[in-house]
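Hello,

Here is the structure I promised to send over. Have a look at it, and then read my notes below.

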Amino acid sequence: MSTNSDKGRIVVGIDGSPAAQAALSWAIDEARLRGLGLRIIYAFPALVSYFGTTAHEYYPQVEAEARKVFEQALAEAPSMDGLDVERTLEPGNPAQVLVEASHGASMLVVGARGRGGFRGVVMGSVSWHAVHQAHCPVLVVRGDD
């Protein structure tokens, strides 16, 4: 969910992949250079039944795994001392969550390839969606460069 507090923030989507870690590092440096806040989002898919409710047995496990990956990614990130940082773990389609978060943001930063899996693809589906649907400038960072 996007708020007015996103104005003056760089939003970065992470998923624990090398490309996402590179995107996070870049976003931290850019936030520091521009004097902006940083919103780090880990969006994880949540199973939803035909009736619109989350699968109760499965969801806690998915959320726990997402939290573990999120916390590990944050632990491996460069120092964020001195930055106004918001950390968000949110269930939902990662592409949709990031596009929504781009409302009012100064920039959206994503990795070029995440957990998808098609080798040789220049851009994953989340980054492709972000580039084409975001409401602010988007930077796509490659993790293997």
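Leaving aside neighbours within four places in sequence, Arg9 is in contact with Gly37, Leu38, Arg39, Asp84, Val85, Glu86, Ala105, Ser106 and Met107 (contact means heavy atoms within 4.5 Å).

A word on the source: this is a predicted model, where local features need pLDDT of at least 70, side-chain atom pairs count only at pLDDT 80 or more, and totals for chains, interfaces and linings use all residues. Residues are numbered from 1 along each chain as its sequence is written, and side-chain values use heavy atoms, with hydrogens and water left out.

Back to Arg9: its relative accessibility is 8%, so Arg9 counts as buried (buried means under 20% relative accessible area, exposed over 50%, partly exposed in between, with a 1.4 Å probe and protein chains only). The Arg9 side chain makes a polar contact of 3.1 Å with the side chain of Asp84, and reaches the backbone oxygen of Leu38 at 3.1 Å. A polar contact is a pair of N or O atoms within 3.5 Å; within protein, one must be able to donate a hydrogen and the other to accept it, and residues adjacent in sequence count only if both atoms are side-chain atoms.

Arg9 lies in strand S1 (residues 9-13); strands (E, at least two residues) are DSSP runs, numbered from the N terminus. Arg9, Val11 and Gly13 point one way from S1, Ile10 and Val12 the other way, and all are buried.

S1 pairs in the parallel sense with S2 (residues 37-44) over five bridges, pairing needing at least two DSSP bridges.

Best wishes

Notes: Helices (H or I, at least four residues) and strands (E, at least two) are DSSP runs, numbered from the N terminus.
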